[in-house]
Amino acid sequence: MKLTGAEIIWECLQKEGVDVVFGYPGGAILPTYDAMTKYPKIHHVLVRHEQGATHMADGYARASGKVGVAIATSGPGATNMVTGIATAMMDSSPIVCITGQVGSKAIGTDAFQETDVTGVTLPITKHNYLVTRPDDIARAIREAFYIAKSGRPGPVLVDITKDAQQLTCEFDWEAAAPKLPGYRPDLRALPSEYAKALELINTAKRPIIFAGQGVIKANATAQVLELADTTRTPIAVTLLGIGAIPASSPLNLGMMGMHGEAWVNEAIQQADLIIALGMRFDDRVTGNLKTYAPHAKKIHVEIDPSEVNKNVHVDVALIGDLAEVLEELLPGVRAADRSDWWATIAAAKGDSAVRDIQALPDSGHLYAAHVINDIWRLTQKRNTIVVTDVGQHQMWEAQYFHHEKPRSLITSGGLGTMGFALPAAIGAKFACPEKDVWVVVGDGGFQMTSCELATAEQEGIKVNVAIINNAFLGMVRQWQEFFYDKRYAATPMTGPDFAKLAEAYRLTGLRCNKRSDVKATVEKTLATKGTVVIDFVVEKEDTVFPMVPAGAALDKMIRRPKQDVMSESGADKDWEMPSSTLPGVFVEAAVEASLNGHGKAAKLSKPAKKSAKPVKVAAKPLRVAPTKKRSTARR
Amino acid sequence: MAKHTLIAYVEDVPGVLNRIASLFRRRNFNIDSLTVGRAEQPGVSRLTVVVEATEAGARLVEANLYKLVNVLRVDDLTRKPALMRELGLVKVTVTPDTRTQVLQLVDVFRARVVDVDDQALVIEVTGTPEKIGKFELVLRPYGIVEMVRTGVVAMARGHEPLSSNPPLVRAEVAGHKAEDHAHDTGVSMSV
């Protein structure tokens with residue numbers, strides 16, 4: 001059968017089982033868009049910016065486990081995809097990006113809209129292709145899908161010249177089967193390694209399991225729970241591992257790392273064995289490597305050998321598919337009690353739950369944690385996917401929204417991409433139209449890709465956008481508060497009237513600035529047809545606790561303040577922190593000094609000495625609460 | 001940190017050298033020398049790369065090379081009986097007085113004179129990188145006008161086949177003993 005290159009692209013997508021693609025047309029991809037009309041089974045979603053297309057493909061892939069597809073033209077179309085591709089790379093998300101390229105004869109001439117896209121994306125794709133002949137298209141696309149979804153998943157880009165799309169050739173699907181002699185997605189460890197791992201597991205006194213995104217990708221929840229239950233081993237999850245283990249499981253301690261719960265990090269520091277499953281010891285998880293888990297032997301179950309011993313030296317590495325590795329391990333695992341270890345963890349947990357702001361009475365102020373926790377409470381019985389950006393709201397979501405199922409949280413973890421949430425949520429909705437999709441996003445990140453509201457409107461789909469609006473780039477502001485003497489350089493931020501913005505897109509806009517209104521707002525959102533944007537106007541200078549300062553030891557956390565500022569009732573007086581400083585607040589200089597091995601570790605009892613210019617707030621360097629005056633100024 | 005000599009078989013496709021160079025840059029590995037040429041199979045290039053790395057770093061280099069789709073197999077020859085060869089061309093100034101001395105040195109190093117004129121000799125020398133370094137050192141007093149080295153190419157001695165699987169990394173960290181590389185068994189599925 002003779003087909004044009006453009007038709008071959010669609011034939012291949014159809015044969016790969018693609019039902020939706022996210023894209024944006026342009027000159028060099030026009031032949032492909034023209035051929036699209038002959039393939040009505042594939043739904044094309046017109047995005048408003050190519051970054052959105054890649055995030056949508058990413059959100060689709062993470063929600064469904066299938067490969068997401070994004071299409072763009074050459075030059076600016078393709079370079080706009082870069083952020084989305086890098087996001088997918090860091091979080092191992094299987095997407096295939098198809099870009100048009102100038103005609104093969106024009107390559108290298110700086111032709112109109114020419115960019116060396118395979119060069120640009122080389123370090124941020126799992127693999128990429130430049131196709132200049134129609135005969136090579138089918139194989140490139142088949143290989144792209146195979147590479148994207150096998151082994152450790154990742155993005156693959158196929159750049160196809162305009163003439164390759166226009167010329168015809170014989171289309172032979174069978175002959176185009178992947179031929180990848182150097183590609184090894186299915187590695188396995190030797191039996192001797194399993195014996196070593198079992199020895200460590202069966203003799204450990206204080207073991208802890210780390211569940212990362214690999215658990216979700218490998219569908220290994222049942223095996224992990226069986227391992228944990230048999231050996232009575234507590235589980236800590238990474239940010240991307242949230243949902244891998246039900247939050248309600250008594251074996252699940254919660255999230256580890258920089259904004260993980262303090263008792264989880266303390267358990268890690270005391271553990272004598274870490275069983276790391278499908279995670280990569282990111283710096284946000286380990287804190288200072290020199291002091292990380294000093295007593296623990298480490299077993300690393302990982303599909304990508306280049307992750308082993310990258311950040312943390314491990315004692316046993318079990319390379320392979322997580323579910324298969326665990327199936328092989330489980331028969332050799334001995335049941336154990338480990339009640340002492342659980343008692344230690346319970347003691348470390350202590351009064352943390354009481355300190356949790358969520359337990360505090362309504363003070364008349366709206367806190368992001370309340371908003372997120374209330375959304376969770378009100379949607380518990382529904383099948384919900386939450387999509388977040390990066391920043392304070394992301395951490396609050398991770399702490400206060402309790403995920404029971406894999407793939408119910410989609411967030412930009414590794415790259416920390418602002419603007420990810422809304423487009424990724426649109427992609428997730430296409431993957432799971434029967435589920436509620438919530439976007440939890442900051443006012444900063446939302447403004448980066450808010451144009452995709454138009455996409456949601458045009459497609460007639462419903463995503464519920466909860467903007468956590470603190471009129472600040474909150475996480476950056478928090479770092480400035482702790483480590484830069486509260487010099488809030490370029491973090492205060494205005495935005496449009498988000499409710500009116502939604503209305504301008506012919507969508508529904510709501511506003512909520514009282515905790516007592518959250519319930520009604522959420523209910524109204526769920527009852528409304530079509531996409532709803534809610535402007536949750538929250539406290540401006542709120543802080544994510546607990547926190548491990550970058551570079552500090554994992555158990556040197558800034559805990560939630562005991563005398564919580566939020567317990568004060570809504571009188572109009574200025575809120576002040578108690579005169580004693582927050583426990584464990586570091587200043588950057590002290591952290592750096594301790595890292596470099598000279599100077600003493602940060603003194604916890606003394607407030608930081610300010611040598612910098614006399615900023616107004618410097619007199620009370622560790623005041624956390626906003627003044628009432630300031631927080632009401634903009635409402 | 002020590003020098004590690006790795007060889008890699010890669011598919012001979014456009015951009016493959018770029019991928020490898022990009023990998024070294026991206027992961028902050030330090031290339032000492034890199035040579036590429038044809039291998040015994042058609043469509044396959046053979047690459048010899050010398051990197052400055054710790055044992056753990058070398059295992060990461062190896063694992064990352066394997067991750068590239070176009071890389072067929074990788075082997076670390078650092079701890080194996082192996083032949084390392086490099087070729088150098090040296091253009092050295094000579095006078096009627098020094099010519100014989102230089103020619104004697106050429107003899108000692110079993111090098112060859114490949115071009116002669118009244119003021120200079122061009123000498124071709126092959127051998128280990130150390131030998132070529134030494135040759136350069138002894139010629140320097142006579143005045144080296146130009147010099148070029150190809151970078152090292154390497155081949156294991158004996159008949160053991162190359163490993164064709166990635167090592168599942170075990171490496172030496174301070175206080176830990178480096179364990180023998182499973183490559184020696186030819187299986188190398190272990191760490």
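**Note on the predicted model: a sheet in chain B and a helix in chain A**

1. In chain B, strand S1 (residues 2–11) pairs with S4(B) in the antiparallel sense over five bridges; strands count as paired if DSSP finds at least two bridges between them. Within this pairing, Ile7(B) stands opposite Asp75(B) of S4(B). Helices (H or I, at least four residues) and strands (E, at least two) are DSSP runs, numbered from the N terminus.

2. The model is predicted: local features need pLDDT of at least 70 and side-chain atom pairs count only at pLDDT 80 or more, while totals for chains, interfaces and linings use all residues. Residues are numbered from 1 along each chain as its sequence is written, and chains are lettered from A and ligands numbered from 1 in the order in which they are written.

3. The open sheet of chain B has four strands in the order S2-S3-S1-S4, with antiparallel pairing. Strand S2 (30–38) and strand S4 (71–76) of chain B are at the edges with a single partner strand each, so one side of each has no neighbour in the sheet.

4. In chain A, helix H7 (residues 137–149) has 13 residues, which should span 18 Å at 1.5 Å a residue; the end C-alpha atoms are 19 Å apart, which agrees. The expected span is 1.5 Å times one less than the number of residues.

5. Of the 13 residues of H7(A), 10 are buried (20 or more other C-beta atoms within 10 Å of the residue's own, C-beta atoms being placed from the backbone). Among them are Ile137(A), Phe145(A) and Lys149(A). Just after H7(A), Gly151(A) takes a positive phi of about 60 degrees.

Technical notes: A residue is buried if 20 or more other C-beta atoms lie within 10 Å of its own, exposed if 12 or fewer, and partly exposed in between; C-beta atoms are placed from the backbone.
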